[in-house]
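Let's walk through this model together, one region at a time. Keep the sequence and the 3D view open as you read.

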Amino acid sequence: MNKLFIYALDLLGDMMIIVNKKYKLSKNYIPNNLVKISDKFSNKEIYVIDVVKNNFEKMCSDALNYNLYIIAMSGYRSYEYQENLYNKYLKIDKPEVVDTYSAKPGHSEHQTGLAIDVCTNTKDYIEFIDTEEYKWVKDNCYKYGFIIRYPKGKENITGYKFEPWHIRYIGDKAKYIYKNNITLEEYLKK
Ligand SMILES: [Zn+2]
């Protein structure tokens with residue numbers, strides 16, 4: 001077994017857990033304290049870790065003060081869910097193409113319960129980049145402990161295309177990452 005394919009949780013505990021193309025979660029890893037995001041701020045039943053829910057809902061209510069509607073459309077996803085999704089994409093694209101936009105099972109940050117894909121009340125996640133909500137999230141989400149996990153221009157570091165809609169909770173370190181315009185990978189390398 002490739003030594004890089006070690007379990008992410010053994011490396012880093014709590015909110016700084018890293019899951020990417022190198023570091024994976026085990027098949028049976030399910031986070032503790034999964035709770036449902038309020039219907040007000042989600043478009044289906046979405047679960048994340050409790051601290052993530054609290055901070056996400058706080059961010060969404062604050063955004064409402066500016067008439068911005070941030071809505072969760074994906075949160076925790078199980079290993080099996082990701083496995084099905086990845087296999088479905090493999091029927092459409094070649095593996096090297098699929099790997100630029102979808103995670104292999106065990107390698108999805110959504111399995112941690114710390115990541116959320118967002119959209120707005122009127123725009124799908126694919127169009128999120130063109131919204132006022134995105135502009136606000138980009139410069140304010142760190143205040144609630146979130147980062148844009150796959151930023152533009154960092155594809156060679158994160159291994160993923162720019163995903164304006166994918167935010168990741170990491171807690172108070174988010175501020176440092178935002179202010180220094182770095183990724184979680186670069187932060188952990190320090
Ligand atoms: Zn995502």
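**Starting from a loop serine**

Setting aside neighbours within four places in sequence, Ser-102 is in contact with Gln-82, Tyr-86, Tyr-89 and Tyr-160, where contact means heavy atoms within 4.5 Å. Before going on, please note that this is a predicted model, in which local features need pLDDT of at least 70 and side-chain atom pairs count only at pLDDT 80 or more, while totals for chains, interfaces and linings use all residues. Residues are numbered from 1 along each chain as its sequence is written, and side-chain values use heavy atoms, with hydrogens and water left out.

Ser-102 sits in the loop between H4 and S4; helices (H or I, at least four residues) and strands (E, at least two) are DSSP runs numbered from the N terminus. Is Ser-102 buried or exposed? Its relative accessibility is 4%, so it counts as buried (under 20% relative accessible area, with exposed over 50% and partly exposed in between, using a 1.4 Å probe and protein chains only).

The loop between helix H4 (95-101) and strand S4 (115-120) also holds Gln-111, which is buried at a relative accessible area of 1%. Beyond four places in sequence, the contacts of Gln-111 include Leu-25, Tyr-29, Pro-31, Arg-77 and Gly-106. The Gln-111 side chain also reaches the backbone oxygen of Tyr-29, at 3.0 Å.

Now turn to the nonpolar core, a set of buried Ala, Val, Leu, Ile, Met, Phe, Trp, Tyr and Cys residues joined through side-chain atoms within 4.5 Å. In the largest one, with 32 residues, Phe-56, Ile-116, Phe-146 and Ile-167 touch the most other members. H2 gives the largest share of this core, five residues. Not counting residues up to four places away in sequence, Phe-146 touches Phe-56, Ile-116 and Ile-167, among others. A second, separate core of 10 residues includes Ile-18, Ala-174, Ile-182 and Leu-184.

Where is there open space? The largest pocket has a volume of about 630 Å³. On a 1 Å grid over the protein atoms alone, a pocket is an open set of points where a 1.4 Å probe fits, with protein on both sides within 12 Å along at least five of seven lines, and lining residues have an atom within 4 Å of a point. The volume is the space filled by probe spheres set on the points, which are joined across faces, edges and corners. Of the 30 lining residues, Arg-77, Leu-85, Tyr-89, His-110 and Asp-117 are the closest to the pocket's centre. H3 provides the largest share of the lining, four residues.

How values were computed. Polar contact = N/O pair within 3.5 Å; in protein donor to acceptor, adjacent residues only side chain to side chain.
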